[in-house]
Amino acid sequence: MYAKPDSTTMKARVAKAGDAMDAALKSLSYGMSDDERRMSAVGLQGMRGANDPGLPDIAPDIAPLPESAQRVPNEVALGRPSRQEAEAAVRTLLRWAGDDPTREGLIDTPARVVKAYEQIFGGYRADADALLERVFEEVEGYSDAVLVRDIPFYSHCEHHMVPFMGLAHIAYYPTKGVVGLSKLARVVDAFARRLQTQETMTAQIADTIESILQPRGCAVMVEAEHLCMAMRGVQKAGVSTITTQFRGVYKNDPSEQVRFLTFVRNQKG
Ligand SMILES: [Zn+2]
């Protein structure tokens, strides 16, 4: 893991990354002949149509947790506090911060915060494995790498519960099949919408792709700006932290890593 200065703020890059998903779709695979690329383009359009491009709306209060989503002990998950308890906790924090939870501007804040938590921490109730199972498409005769770049995400650091946000880049060599962009974006979201470290999140994305798609190799890069660092003055805003995970051929062959990193870097807007 290392940090690099970047003249473009991560916020701006994340903001335009939605559009960049289209660009990523076009460059989903590389190293193909023109014929292959044309064939692939047809396939990719089909894939995109088959997959809902939206990010998941995590339904509130779903029980029980799927096994793959559990990072907390079962008894903790089962002992989930009530909504009223959660709202009371927010009121306590407001008082701790020095404000008056009964004043007009704050009266509905605990309910809003708890509702927001249902979404931004909805990843605890998302089954990342299930997002990829049974959705991949067969890719007969295509064995080159598939790369999806600039998947935007928002997460919260587990040390301060402050947001970190950025972009994920994923590459894999398919054996069983390929999945649509939106499915990979949902996998990223399933892990981002939890209390996280960037390193853990990067590994969890790679683990899921490896175990479900069983590719010959898989590479995941996450670059993010951590507001807990920017806000607390440890580092300037606009500094992004980069984490990578290499599996299979990406782990064993340095030239594959170079190819991945070059492709991620060279086509940045
Ligand atoms: Zn932090």
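Trainee: Which residues does Ala219 touch, not counting those up to four places away in sequence?
Mentor: Ala171, Phe246, Tyr250 and Phe260. Keep in mind that this is a predicted model.
Trainee: How far apart are Ala219 and Tyr250, in sequence and in space?
Mentor: They are separated by 31 residues along the sequence, and their C-alpha atoms are 6.3 Å apart.
Trainee: Which strand is Ala219 found in?
Mentor: Strand S5, which covers residues 217-226.
Trainee: And why does Ala219 count as buried?
Mentor: Because Ala219 has 29 C-beta neighbours inside 10 Å, and the cut-off for buried is 20 or more.
Trainee: What percentage of the chain's residues are buried?
Mentor: Of the 269 residues, 32% are buried.
Trainee: Changing topic. How many helices and strands are there in the chain?
Mentor: Eleven helices and six strands.
Trainee: At what angle do H4 and H5 pack?
Mentor: About 120 degrees, with the axes 8 Å apart. H4 is residues 83-97 and H5 is residues 109-120. The crossing of H4 past H5 is right-handed.
Trainee: Which residues make that contact?
Mentor: From H4, Arg83, Ala86, Glu87, Val90, Arg91 and Leu94. H5 contributes Thr109, Pro110, Ala111, Val113 and Val114.
Trainee: How many of the residues in the contact of H4 with H5 are nonpolar, polar and charged?
Mentor: Seven are nonpolar, one is polar and three are charged.
Trainee: Last one. For contacts in the chain with a separation of 6 or more, what share comes from residues 24 or more positions apart?
Mentor: Those pairs account for 77% of such contacts.

Notes. Residues are numbered from 1 along each chain as its sequence is written. This is a predicted model: local features need pLDDT of at least 70, side-chain atom pairs count only at pLDDT 80 or more; totals for chains, interfaces and linings use all residues. Axes are lines fitted to C-alpha atoms, for helices over the stretch in contact, and angles run from 0 to 180 degrees between N-to-C directions. Helices (H or I, at least four residues) and strands (E, at least two) are DSSP runs, numbered from the N terminus. A crossing is left-handed if the near helix is turned anticlockwise from the far one by less than a right angle, and right-handed if clockwise. Two residues are in contact if their C-beta atoms, placed from the backbone, lie within 7 Å. Ala, Val, Leu, Ile, Met, Phe, Trp, Tyr, Cys and Pro count as nonpolar, Asp, Glu, Lys and Arg as charged, and the others, Gly among them, as polar. A residue is buried if 20 or more other C-beta atoms lie within 10 Å of its own, exposed if 12 or fewer, and partly exposed in between; C-beta atoms are placed from the backbone.
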